[in-house]
Amino acid sequence: MEGFLPPLWAAIWWIVALPFVIYGFVRLKQTIDENKDALPLLGICGALIFILSALKLPSVTGSCSHPTGTGLSAIVFGPFITAIIGFIVLLFQALFLAHGGLSTLGANTFSMAICGPFLGYYVYRALKDTKINIYITVFIAVALADLFTYVITALELALAVPAGEVGFIGLFITFLGVFAVTQIPLAILEGAVLALVFKYIVDIKPDIITKMKIFSEEQIHAARGKIQ
Amino acid sequence: MKYQFEIIVGLIVILFIGTFLYTSSINPDAEFGGSDGVGSAVVSELTGIPEDDVKPLIPQWAPPSGEIESGLFALQAAFGGVILGLGFGYLIGQRTTQ
């Protein structure tokens, strides 16, 4: 979509996104320094963003889109660290794939690496201490993080394009139809797959999940009793 | 039940493939291009600027062909796969030695 965003909006999204990315970098360094055990987990979460955002999948609307993979990282490491990882992935795609571009990198970072993860993180926080099974929590948070990314993409475009007669709301709905509706089945798929990955992490190393205070021991125990 | 979770995720994957096969069969005109492309078309229609006239604000390298592009995407996914395997391998190895 490079070039479709007017220079003013491209600059605005860069300015909005940059503080998150920079703070994310600081937090990333802190986390690695404090907890060496987190490193393999960071690798897994980051790798999933790399893999999933490279997969373009067909959807019911007759067009293709790709999942974001940011939800799990947002749950495990929080939205700021996810912002820097997402930024790196988007930078790679802008430089070598002409998928997105340098001027729109700010806008793409804002939707995929900031808004999506933030929403996913707060959904996880809201559901964390409820009775809902932890894997269901991960599923919902990941799926909504994915979907919300494209809601923001639609919003960014609706803001940037002169609305004309349909008006801003009409424009927003048009772009939601293009991006968000396409994304619904992908979001569900991504939620399910990442919930399964999370289950494997819990099975292999439950102590790292409790140590990082992602879920409590009782919650993990309860979930393991029910689902194998 | 063992592998209950795997079965559920498997069913969702099958359902996903199923809806794809169904929509592509009832709608043979569907091109399955990127939603970015569809979005670009909408923008062009609204602004009246043809899509081909839209140039990047900052000049950038674009893969010369779809094949090269998909190759680079595969490379990105493969890199992710290597790191993913390393991460899980480390965790599994840690558990075995404990």
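# Close-up views of a predicted two-chain model

**View 1. Surroundings of A:Val138 in the largest nonpolar core.** Residues up to four places away in sequence being left out, A:Val138 touches A:Ile75, A:Leu194, A:Ala195 and A:Phe198. The model shown in this and the following views is predicted. The largest nonpolar core has 93 residues, and A:Val138 is named together with A:Leu48 as having the most contacts inside it. The greatest contribution to this core comes from helix 6 of chain A, which gives 19 residues. Chain B takes part as well, since at least three residues of the core are drawn from each of its domain 1 (1-54) and domain 2 (60-98). As a general background to this view, nonpolar side chains tend to be buried together in soluble globular proteins.

**View 2. The two domains assigned to chain B.** The domain assignment of chain B gives domain 1, covering residues 1-54, and domain 2, covering residues 60-98. Taken over C-alpha atoms, the centres of domain 1 and domain 2 of chain B are separated by 24 Å.

**View 3. The contact between chain A and chain B.** Chain A brings 53 residues to the contact and chain B brings 54 residues. On the side of chain A that touches chain B, the elements giving two or more residues are helix 1 (7-34), helix 2 (38-52), strand 2 (63-65), helix 4 (79-96), helix 6 (134-160) and helix 7 (167-204) of chain A. Helix 7 of chain A gives the most to this side, with 13 residues. Sorted by class, the side of chain A that touches chain B has 37 nonpolar, 12 polar and four charged residues.

View 4. Strand 1 of chain A and strand 2 of chain A run antiparallel and are joined by two bridges, and A:Pro58 stands opposite A:Cys64 of strand 2 of chain A. Strand 2 of chain A pairs in the parallel sense, over two bridges, with strand 1 (residues 33-34) of chain B; here the bridge partner of A:Cys64 is B:Gly34.

**View 5. Helix 2 of chain A.** This helix has 15 residues, and from its first C-alpha to its last helix 2 of chain A reaches 21 Å, close to the 21 Å expected at 1.5 Å a residue.

**View 6. Helix 2 of chain B and what covers it.** With 13 residues (35-47), helix 2 of chain B reaches 18 Å from its first C-alpha to its last, which is close to the 18 Å expected at 1.5 Å a residue. Its buried residues are B:Ser35, B:Asp36, B:Val38, B:Gly39, B:Ser40 and B:Val43. The cover over the buried residues of helix 2 of chain B includes strand 2, helix 6 and helix 7 of chain A, together with strand 1 of chain B. After helix 2 of chain B comes B:Gly48, a residue whose phi is positive, near 80°.

View 7. Neighbours within four places in sequence being set aside, A:Phe175 is in contact with A:Ala154, A:Leu157 and A:Ala158 of chain A and with B:Gly39 and B:Val42 of chain B. Residues up to four places away again not being counted, A:Leu176 touches A:Val151, A:Ala154 and A:Val181. The C-alpha atoms of A:Phe175 and A:Thr153 are separated by 8.2 Å, and these two residues are 22 residues apart along the chain.

**View 8. A:Lys213 in a loop of chain A.** A:Lys213 is placed in the loop between helix 8 (206-211) and helix 9 (217-226) of chain A. Although A:Lys213 is not a glycine, its phi is positive, at about 60°. Most residues other than glycine have a negative phi. With 8 C-beta neighbours inside 10 Å, A:Lys213 counts as exposed.

Definitions and conventions:
Residues numbered from 1 in each chain as written. Chains lettered and ligands numbered in written order. Predicted model: local features only at pLDDT ≥ 70, side-chain atom pairs only at ≥ 80, totals over all residues. Contact = placed C-beta atoms within 7 Å. Helix = DSSP H or I, 4+ residues; strand = E, 2+ residues; numbered from the N terminus. Nonpolar A, V, L, I, M, F, W, Y, C, P; charged D, E, K, R; others polar. Pairing = 2+ DSSP bridges. Core = buried A, V, L, I, M, F, W, Y, C linked by C-beta atoms within 7 Å. Buried ≥ 20, exposed ≤ 12 C-beta atoms within 10 Å, placed from the backbone. Domains from an automatic or database assignment. Expected span 1.5 Å × (residues − 1).
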